[in-house]
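This report describes one protein model, beginning with a single residue and moving on to the whole chain. Please keep the sequence and the 3D view at hand while reading.

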Amino acid sequence: MDIAQKTVLITGANRGLGRALVEEALKRGAKKIYAGTRNALQHPDKRVTPLTLDVTNAEDIRRVTGEVGTLDLLINNAGIALFDDLSDPSFIDKHMAVNFHGPFKIIHALLPQLKHAKGAIVNVLSLAALAPVPVTPSYSISKAAAHSLTQTMRAFLAGKNVTVHAVMLGPVDTDMTRGFDIPKAAPEAVVKEIFDGLRRGEEDIFPDPVSQAMAAGWRGGVVKAFEHQYAGFLPPSVASAA
Ligand SMILES: NC(=O)c1ccc[n+]([C@@H]2O[C@H](COP(=O)([O-])OP(=O)(O)OC[C@H]3O[C@@H](n4cnc5c(N)ncnc54)[C@H](OP(=O)(O)O)[C@@H]3O)[C@@H](O)[C@H]2O)c1
């Protein structure tokens with residue numbers, strides 16, 4: 001998908017990667033951008049329509065579903081990452097609420113618009129979905145679950161002309177990684193790679209130097225082959241009910 005003249009919804013659009021996604025979408029000629037944020041957002045470009053959207057709030061999701069007309073591209077970007085050690089189960093609940101249940105409910109709510117537009121879904125995941133980071137285990141679990149959801153929705157929606165993409169993100173210089181003293185990619189560079197990967201139709205987008213080092217191995221690997229093999233098990237009647 002080329003996003004010129006397309007309508008896009010981006011969650012967590014007020015800062016970090018989400019804000020960079022909004023700016024890059026504007027540069028690439030998006031027609032309209034719904035910017036989902038928890039707190040009121042103002043943007044000078046009239047193509048940006050702010051939406052109050054806490055991805056854990058069912059009422060917000062219900063209201064947004066009514067406000068969004070045409071939708072070509074949904075980018076599930078909002079996320080949280082907290083340090084923990086699995087001693088407190090509430091950390092898993094918190095991460096799952098934002099990083100898994102939020103995207104799942106938003107996809108479900110906006111699927112009619114996306115099917116109508118023969119659109120695309122981009123889920124911003126993490127390399128932690130593939131190999132857990134031990135200092136953020138609850139985060140890693142939630143991203144692994146969101147990855148499994150991405151793979152499943154990809155199979156369900158293949159027959160509906162809605163494509164589903166994972167962004168396998170490595171470290172990016174945002175508030176989320178303030179505590180990590182490691183090399184980080186600039187958000188402005190990463191979002192270019194995300195939209196370029198989408199334009200090339202990549203199922204899994206590896207948009208930064210750390211993730212790019214894994215791309216070839218992942219795409220040619222046994223897990224990817226199994227994903228495609230399992231997708232073929234889906235009876236056409238189930239795929240059409242998605
Ligand atoms: N930065 C990295 O190195 C890195 C690496 C791998 C993956 N990622 C993923 O990239 C995505 C963007 O992260 P980032 O680096 O831009 O992080 P960030 O700077 O911390 O921004 C997080 C964004 O998510 C929003 N958010 C959090 N909880 C929300 C909720 N309940 N409802 C709606 N919005 C919510 C925040 O809004 P508020 O301002 O209201 O809190 C903020 O806009 C996340 O999914 C993250 O897991 C990031």
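Where is the place of Q5? Q5 lies in the segment before β1 (7-11).

## Basis of the report

This is a predicted model, in which local features need pLDDT of at least 70 and side-chain atom pairs count only at pLDDT 80 or more, while totals for chains, interfaces and linings use all residues. Residues are numbered from 1 along each chain as its sequence is written.

Q5 has a phi near 65°, a positive value in a residue other than glycine. Q5 is exposed, with 11 other C-beta atoms within 10 Å.

K118 is found in the loop between α3 and β5. With 12 other C-beta atoms within 10 Å, K118 is exposed.

## The chain as a whole

The secondary structure of the protein chain comes to 8 helices and 7 strands. These elements are DSSP runs numbered from the N terminus: helices are H or I runs of at least four residues, and strands are E runs of at least two. The radius of gyration of the protein chain is 17 Å, close to the 18 Å that the globule rule gives for 242 residues, so the chain is as compact as a globular protein of that length. This radius is taken over C-alpha atoms, and the globule rule is 2.2 Å times the number of residues to the power 0.38.

Along its principal axes, the C-alpha trace of the protein chain spans about 45 × 40 × 35 Å. Of the 242 residues, 42% count as buried. Among contacts in the protein chain with a separation of 6 or more, 65% come from residues 24 or more positions apart. Two residues are in contact if their C-beta atoms, placed from the backbone, lie within 7 Å.

## The sheet

An open sheet of 7 strands has the order β3-β2-β1-β4-β5-β6-β7, with parallel pairing. Its edge strands are β3 (48-52) and β7 (204-205), each of which pairs on one side only. Two strands pair if DSSP finds at least two bridges between them. Strand β4 (residues 73-76) is joined to strand β5 (residues 120-124) by 4 bridges, and the two run parallel. In β5, A120 is the bridge partner of L73. A further 5 bridges join β5 to β6, which also run parallel, and N123 stands opposite A166 in β6.

In a regular strand the side chains alternate between the two faces of the sheet. Both faces of β5 are covered: A120, V122 and V124 are buried on one side, and I121 and N123 on the other. Strand β6 (residues 163-167) has 5 of its 5 residues buried, so it is largely enclosed by the rest of the structure. On one side of β6 the buried residues are T163, H165 and V167, and on the other they are V164 and A166.

## A residue in an edge strand

P50 has its place in strand β3. P50 is partly exposed, with 17 other C-beta atoms within 10 Å. The C-alpha atoms of P50 and Y34 are separated by 5.8 Å, although these residues are 16 residues apart along the chain. Not counting residues up to four places away in sequence, P50 touches A35, T37, A40, L41 and H43.

In soluble globular proteins, nonpolar side chains tend to be buried together. The largest nonpolar core here has 61 residues, and those with the most contacts inside it are V8, I10, I33, L74, I75, I121 and V167. The largest share of this core, 7 residues, comes from helix α3 (residues 90-117). Such a core is a set of buried Ala, Val, Leu, Ile, Met, Phe, Trp, Tyr and Cys residues joined through C-beta atoms within 7 Å. L74 touches L9, I106, I107, L110, L114 and I121, not counting residues up to four places away in sequence.

## Around the ligand

Of the 27 residues around the ligand, G12, G16, A78, G79 and T174 come nearest. A residue is near a molecule if its C-beta atom, placed from the backbone, lies within 6 Å of it. Helix α1 (residues 16-27) gives the largest share of this shell, 3 residues.

Definitions and conventions: A residue is buried if 20 or more other C-beta atoms lie within 10 Å of its own, exposed if 12 or fewer, and partly exposed in between; C-beta atoms are placed from the backbone.
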